[in-house]
Amino acid sequence: MTFNLPDLPYAQDALAPHMSEQTLNFHHGKHHKGYVDKLNDAVKGTDYDGMELLDVARRAHEKGDTAVFNNAAQAWNHAFFWRCMSPATPVEPQGPLAEKIAATFGSLPQLRTRFIAEGMARFGSGWVWLVEGTDGVLDVVSTANADLPQTAGLKPLLTCDLWEHAYYLDYQNARQAFLEVFFDHLVDWDFAATCLNTQGDSNILAA
Ligand code: MN
């Protein structure tokens with residue numbers, strides 16, 4: 001089985017000016033594609049061949065197969081990240097997601113503050129996430145490099161890529177400006193709500 005680079009769920013210029021066509025062209029067409037290609041090379045003819053992407057990441061994490069884990073996790077993280085954004089003007093979270101945000105953080109602006117602060121506190125490359133714990137309580141966490149919340153038993157609802165390749169062309173070194181624009185203009189809260197309602201995180205990208 002060969003892993004495929006998933007299409008972007010919108011045109012490469014659809015998120016401009018918040019995220020430029022050039023950024024999406026390089027980020028999806030070069031960086032994301034590179035992880036998928038390296039993963040295919042790494043799993044060919046191994047016990048990983050034929051497994052679901054997230055299962056490859058989990059198993060490689062357990063076994064300490066760093067190269068397989070890094071490429072599998074980055075392939076999953078990027079597929080998830082594209083789904084977390086939409087060209088549409090963001091509509092505030094609705095229903096159970098809105099209730100959980102209010103219960104955990106107090107309000108959407110307070111979640112925004114936490115999310116941006118966590119993204120700024122992550123030194124070097126990684127990801128910032130809104131997650132649901134096994135107790136049903138939401139949290140904001142960040143992970144280093146390729147790591148993803150599922151390795152800690154957390155369910156991802158939303159993520160923003162903190163690698164410089166995600167923002168350098170548009171925002172240079174200004175990670176905070178990128179995080180603010182992401183939260184204010186790009187987040188697809190309907191997708192986050194879908195993740196909250198989906199049982200089993202292997203199904204999230206198929207939702
Ligand atoms: Mn990236």
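Domain bounds in this passage come from an automatic or database domain assignment. The structure is a predicted model, in which local features need pLDDT of at least 70, side-chain atom pairs count only at pLDDT 80 or more, and totals for chains, interfaces and linings use all residues. Residues are numbered from 1 along each chain as its sequence is written, and side-chain values use heavy atoms, with hydrogens and water left out.

The protein chain is split into domain 1 (21–83) and domain 2 (95–206). Their C-alpha centres are 19 Å apart. Domain 1 gives 21 residues to the contact and domain 2 gives 27 residues; contact means heavy atoms within 4.5 Å. About 2100 Å² is buried between the two domains, 66% of it on carbon and sulfur atoms. Buried area is the accessible area (1.4 Å probe) that two parts lose on being put together, summed over both. On the domain 1 side, Phe80, Phe81 and Arg83 lose the most area to domain 2, together 32% of what that side buries. Between the domains, the count of salt bridges is zero (a side-chain nitrogen of Lys or Arg within 4 Å of a carboxyl oxygen of Asp or Glu).

Helices are DSSP runs (H or I, at least four residues), numbered from the N terminus. Helix H1 covers residues 21–43 and helix H3 residues 66–83. Their axes come within 8 Å and cross at roughly 145 degrees. Axes are lines fitted to C-alpha atoms over the stretch in contact, with angles from 0 to 180 degrees between N-to-C directions. Residues of H1 that meet H3 include Leu24, Tyr35 and Leu39.

Terms used: Helix = DSSP H or I, 4+ residues; strand = E, 2+ residues; numbered from the N terminus.
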